[in-house]
Amino acid sequence: MYRPKKPISTSGQVQEILGEKFDNQERKAINHIDDICRDWIERSPFLTIATVNKKGQVDAAPKGDPPGFVKVLDEKTLAIPDRLGNNRGDTFHNIIDNPRVGLLFIVPIRNEVLRVSGSAQIIQDDDILEKMIVNDRRPDMALLVHVEEAMYHCGKSMIRSKMWKPAEWASVEGLPSYALAVKTHAGMPEPLEHYEAMMKYNDEKRLY
């Protein structure tokens, strides 16, 4: 295991390196979803949800659907549908342990992101789930997020990564497939072709 030579262990050290905080960055965080945040959320087809379990282990899970899949119920409440997946339920189990959540909303082509944090609970409210039907499939449950902070984050990370510039992307040639990763990491005995077919079925037939 790598041992750091110059560790930084206090917030004071961090801020000394960063320099003086910009006043607008301190004031830009709001405690609700206003019209600006609503517009962004309703056009976002992708977000990540960060949660922590009772052991302190952190998980970040991707969620994606057609734009508008996250419902803004009011200025303090969001609802996120659950869709078919791997049945691990890491996000849900973590929320049972610890309701604290952090969300990151992405809109393709735009460099900025929207950060939202607060607490969450798992619900099966029929009136909410009915609004989340896609391809005639209603989710079995949803996350209700109680918003405590919402904040736009500047686009430097997306700009530096060239996320929306395909000509600048690294080649994916030779990258291991998801099927190979699952077979290898889980020590599964069947031939690779079996898992490649399984993943193809999941991607094409098991979205909703």
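**Salt bridges and a helix pair**

In this predicted model, Asp126, Glu130 and Arg138 are joined in a network of salt bridges, a salt bridge being a side-chain nitrogen of Lys or Arg within 4 Å of a carboxyl oxygen of Asp or Glu. Local features need a pLDDT of at least 70 and side-chain atom pairs count only at pLDDT 80 or more, whereas totals for chains, interfaces and linings use all residues. Residues are numbered from 1 along each chain as its sequence is written, and side-chain values use heavy atoms, with hydrogens and water left out.

Helices (H or I, at least four residues) and strands (E, at least two) are DSSP runs, numbered from the N terminus. Aspartate 126 is partly exposed, with a relative accessible area of 49%, and arginine 138 is partly exposed at 33%. Here buried means under 20% relative accessible area, exposed means over 50%, and partly exposed is in between (1.4 Å probe, protein chains only).

By the same rule, the salt bridges come to nine. Another of them pairs aspartate 65 with arginine 83, with 2.6 Å between the closest N and O atoms. Aspartate 65 sits in the loop between strand E2 (58–64) and strand E3 (71–74), and arginine 83 in the loop between strand E4 (77–81) and helix H4 (90–97), 18 residues apart. Both aspartate 65 and arginine 83 are buried. By contrast, glutamate 112, which forms a salt bridge with arginine 110 at 2.8 Å between the closest N and O atoms, is partly exposed at 24% relative accessible area; arginine 110 is partly exposed too, at 42%.

Attention now turns to a pair of helices. The axes of H7 (residues 178–186) and H8 (residues 192–205) come within 8 Å and cross at roughly 125°. Axes are lines fitted to C-alpha atoms, for helices over the stretch in contact, and angles run from 0 to 180 degrees between N-to-C directions. H7 and H8 are therefore oblique to each other, since angles under 35 degrees count as roughly parallel, over 145 as roughly antiparallel, 65 to 115 as roughly perpendicular and the rest as oblique. In contact (heavy atoms within 4.5 Å), Tyr178, Ala179, Leu180, Val182 and Lys183 of H7 meet Leu192, Tyr195, Glu196 and Met199 of H8.
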